[in-house]
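Colleague: I would like to go through this model with you, one feature at a time. Please give the cut-off behind each term.

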Amino acid sequence: MVADADFADCVELQPEFKRLKLRKNNWDSDTYEFDEVLTESASQKRVYEVVAKPVVESVLDGYNGTIMAYGQTGTGKTFTLGRLGDEDTSARGIMVRAMEDILANISRDSDSVMISYLQLYMETIQDLLNPTNDNISIVEDPKTGDVSVPAATLVDIRTHHDFMELLRLGEAHRVAANTKLNTESSRSHAILMVHIKRSVTEMVSEIVTENDHSLHMSKNSKPPVIRKGKLVVVDLAGSERAHKSGSEGHTLEEAKSINLSLSALGKCINALAENSPHVPVRDSKLTRLLKDSFGGTARTSLIVTVGPSPRHRAETTSTILFGQRAMKVENMLKIKEEFDYRSLCKRLETQIDKLIAENERQQKAFEYEIERTTIEAQQRISEAENNYAEALETGKMKCQMDYMESIKKLEEKWMSNHSKHGTNGFINGHGGEVNEDVTELKIKLQKEIALQKRAEEEIQNLKNSQVHPSEAGVDADVIKLQNLLDEEIRQKQKLEEEVLMLQSRLTQLTLSSGQPRCSQLDNQSNGDRTSIANLHEHVGLQKILCLLESEDLNVRLHAVKVVANLAAEDSNQERIVEAGGLSSLLDLLTSRSFDETICRIAAGAIANLAMNEANQELIMAQGGISLLAMTAADAEDPQTLRMVSGAIANLCGNDKLQTRLRSEGGIKALLGMVRSRHPDVLSQVARGVANFAKCESRTSRKGNKNTRSMLIEDGALPWIVQNANNDASIIRRHIELALCHLAQHEVNAKDMVSGGALWELVRISRDCSREDIRALARRTLTNSKIFSSELRRSRVEI
């Protein structure tokens with residue numbers, strides 16, 4: 001700088017326009033444009049971010065990258081690339097900063113970074129990390145054309161400190177000399193190669209759900225992908241002229257070798273820039289090593305360094321023109337990926353070993369569990385067999401003793417009865433005992449009735465008597481007689497209840513004996529229903545209904561059976577309702593002491609009464625549907641559910657009660673009873689659905705209903721479709737009728753199409769065993785616009 005103080009700079013930098021001017025003289029200059037122009041004041045960080053960082057990022061993504069500095073000796077190539085920054089950390093060069101970025105972006109567990117540090121000195125490749133390895137050969141893959149130096153030392157880098165130590169070692173072994181142009185002139189081309197392997201599995205997001213176990217297994221069986229990137233940092237030795245550098249002797253020979261290799265590099269750049277068919281890469285080992293960097297698959301950044309001195313205008317011009325030609329070279333980037341089969345094989349072997357061990361443990365545990373279970377089962381079987389044998393023997397002995405004792409007693413009774421009544425036999429013996437009790441009770445009842453009549457006559461005589469004693473005495477006598485009368489009435493009711501119980505007992509004994517030789521049994525069995533039907537004539541219907549409120553469950557049970565048998569006859573139904581029998585039967589459904597047998601019989605009686613239209617309105621008015629729904633929810637016995645569903649099915653046939661029937665939960669209760677799955681229950685449910693659908697169809701034809709079916713709104717359609725082809729003919733016939741009636745109303749058509757009912761209607765129109773139902777289904781399908789449109793769309797003909 002002192003020598004050139006009298007001369008102006010030959011280079012003018014214009015970083016804002018990314019160009020520079022090279023002055024030929026005071027009035028003429030040439031302008032050159034570059035991707036970036038950096039002045040002497042640019043920081044090392046800015047140089048790295050502009051020049052090197054994009055290349056480093058590409059290498060981390062699996063591409064090859066090259067960063068190279070070219071220029072005259074003493075213009076700052078080594079400072080830009082290889083400065084360690086020991087004294088000033090801001091002066092760290094590209095090599096140090098690139099390694100910091102690489103180590104910060106890799107995983108220490110799955111990724112690896114390895115480096116080799118070489119120098120090309122006098123056309124020989126030497127290992128800067130192992131100076132004894134001073135003649136390394138270049139190997140070229142004949143298939144891919146990739147160039148490598150397999151004999152170079154590769155060192156695995158784990159920390160930034162390790163890398164700095166290796167750089168210091170390499171710099172210590174690099175050849176340098178003192179010239180007139182540079183006190184530490186590099187006499188060799190330094191080449192730092194960084195090999196990066198990254199596992200892609202951790203970078204790709206896993207699309208695995210909790211339930212997608214198969215996807216997870218397929219992902220685990222897929223080999224991981226390894227991306228390989230190589231970063232080459234080349235610090236070229238500077239070009240120099242012997243008369244300016246003062247080189248002589250061995251230093252001159254070094255300068256010649258440097259200039260020859262740089263000249264070969266320039267020729268390759270010229271050939272690539274001009275798209276020449278032949279590129280002389282074999283003229284120098286430098287061009288062979290950098291084959292991938294120019295015109296290959298690597299992403300390359302070239303730094304050209306120039307000085308401002310006019311004394312070196314020729315070298316500056318040559319450097320600038322080299323950079324201009326290099327800008328014309330285009331590289332084709334190529335990512336390098338390969339499957340890590342070794343890692344997959346190792347991982348699968350580990351998993352197989354674990355699975356084998358786990359399978360062996362489970363097999364042993366399974367065998368042990370089978371053995372333990374077998375022993376325990378054998379012990380239990382032996383114990384159960386012993387207990388069963390003992391219980392069987394004990395039961396056998398007891399049955400034999402009971403049998404012998406029963407035979408003995410029966411023989412004694414038969415002999416006694418035979419001696420008393422001749423040939424009336426076994427049944428008459430029992431019947432005689434009971435009849436004697438009944439006769440005795442009747443005599444007592446007649447005596448009580450006579451006493452009651454006499455008391456009433458005395459009261460009437462006192463009232464009509466002409467002798468009037470004092471008012472106090474008369475009142476006392478009247479009260480006394482009235483109390484006596486009330487007591488007699490209570491005794492009478494008690495005796496009547498006992499008579500009913502004894503008659504019931506007599507009936508049971510008669511039915512259970514089953515002796516065919518007695519003609520009296522046949523007569524009693526044939527007249528059973530007649531005697532029960534006429535019982536209210538002898539005892540009084542009102543008294544029988546009073547027994548429904550008895551605290552004794554047996555009394556209530558026999559009374560409700562009598563009422564149910566009476567309700568089975570149409571002639572008795574009106575008298576039962578007039579006497580308050582319907583209310584009493586409904587009260588039984590609300591009884592706190594819930595007895596399912598009583599509820600079943602009461603529901604059967606209500607079902608019989610519900611066959612009369614007038615009685616149906618009374619049942620609804622007295623809250624009967626709510627009580628039936630409650631009973632249906634609580635009951636589990638299929639026969640109880642059959643009685644309740646039958647009662648609701650009868651109510652479903654009344655047009656006037658449909659809205660109220662649904663609002664009070666009747667439809668929901670009817671559909672809820674299908675949980676029983678008993679054929680008799682399902683049959684009653686199907687009958688109720690058919691009755692309800694028929695009433696809705698009548699209402700819609702009269703124009704009184706324009707809304708969807710309440711059955712569809714309450715969710716009955718899926719069950720109807722499901723049972724439309726039921727194996728039981730009676731259920732199937734009711735369901736088929738229900739579907740035909742629902743289809744009569746056009747408002748229901750869309751729901752029936754979406755619910756699959758249309759195809760059941762088509763089946764009914766073809767396969768139904770009853771001609772009238774088939775004709776109704778065909779007529780319905782033909783008259784409905786929605787059904788006809790859907791059938792045309794599906795190309796189905798009726």
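What follows is a set of questions and answers on the model.

Modeller: This is a predicted model, in which local features need pLDDT of at least 70, side-chain atom pairs count only at pLDDT 80 or more, and totals for chains, interfaces and linings use all residues. Residues are numbered from 1 along each chain as its sequence is written, and side-chain values use heavy atoms, with hydrogens and water left out.

Colleague: How many helices and strands are there in the chain?

Modeller: Helices (H or I, at least four residues) and strands (E, at least two) are DSSP runs, numbered from the N terminus. On that basis the chain has 33 helices and 15 strands.

Colleague: What percentage of the residues in the chain is buried?

Modeller: Buried means under 20% relative accessible area, exposed means over 50%, and partly exposed is in between (1.4 Å probe, protein chains only). The chain has 798 residues, and the buried share of them is 40%.

Colleague: Among contacts with a separation of 6 or more, what share comes from residues 24 or more positions apart?

Modeller: Contact means heavy atoms within 4.5 Å. For residues 24 or more positions apart, the share is 69%.

Colleague: How many aromatic pairs are there, and which parts of the chain does the pair of Y70 and F322 tie together?

Modeller: Rings of Phe, Tyr and Trp (its six-membered ring) pair if their centres lie within 6.5 Å; planes under 30 degrees apart count as stacked, over 60 as edge-to-face and the rest as tilted. The count is 1 aromatic pair, and Y70 with F322 is stacked, at 3.8 Å centre to centre and 15° between the planes. Both Y70 and F322 are buried. Because of where these residues lie, the pair ties together parts 252 residues apart in sequence: strand β4 (residues 64-71), which holds Y70, and helix α9 (residues 313-326), which holds F322.

Colleague: Which ring does the charged end of R19 sit over?

Modeller: A charge sits over a ring if NZ of Lys or CZ of Arg is within 6 Å of the ring centre and within 35 degrees of the ring normal. The charged end of R19 is 4.7 Å from the centre of the ring in question, that of F17.

Colleague: Which residues touch the most other members of the largest nonpolar core?

Modeller: A nonpolar core is a set of buried Ala, Val, Leu, Ile, Met, Phe, Trp, Tyr and Cys residues joined through side-chain atoms within 4.5 Å. Leaving out residues up to four places away in sequence, I648 touches I625, L628, G666, A669, L670 and M673. A second, separate core of 37 residues includes V47, A52, I102 and I157. In the largest core, of 90 residues, those touching the most other members are L585, I648, M673, V689 and L739.

Colleague: Is L651 buried or exposed?

Modeller: L651 lies in helix α23 (residues 638-651). Its contacts, not counting residues up to four places away in sequence, include A610, Q616, I619 and M620. M620 is 31 residues from L651 in sequence and 8.7 Å from it in space, C-alpha to C-alpha. At 0% relative accessibility, L651 is buried.

Colleague: What span is expected for helix α29?

Modeller: The expected span of a helix is 1.5 Å times one less than its number of residues. Helix α29 (residues 729-743) has 15 residues and reaches 21 Å from its first C-alpha to its last, close to the expected 21 Å.

Colleague: How many residues of helix α31 are buried, and which helices do they pack against?

Modeller: Helix α31 (residues 757-767) is mostly covered, with 8 of its 11 residues buried. Among them are L758, L761, V762 and I764. They pack against α28 (717-722), α29, α30 (749-754), α32 (771-783) and α33 (785-793).

Colleague: Where is M122, and what is its phi?

Modeller: Most residues other than glycine have a negative phi. M122 is in the loop between β5 (112-121) and β6 (124-127), and is partly exposed at 32% relative accessible area. Although M122 is not a glycine, its phi is positive, at about 55°.

Colleague: Is R677 buried or exposed?

Modeller: R677 is found in the loop between α25 (666-672) and α26 (679-701), and has a positive phi of about 60°. With a relative accessible area of 70%, R677 is exposed.
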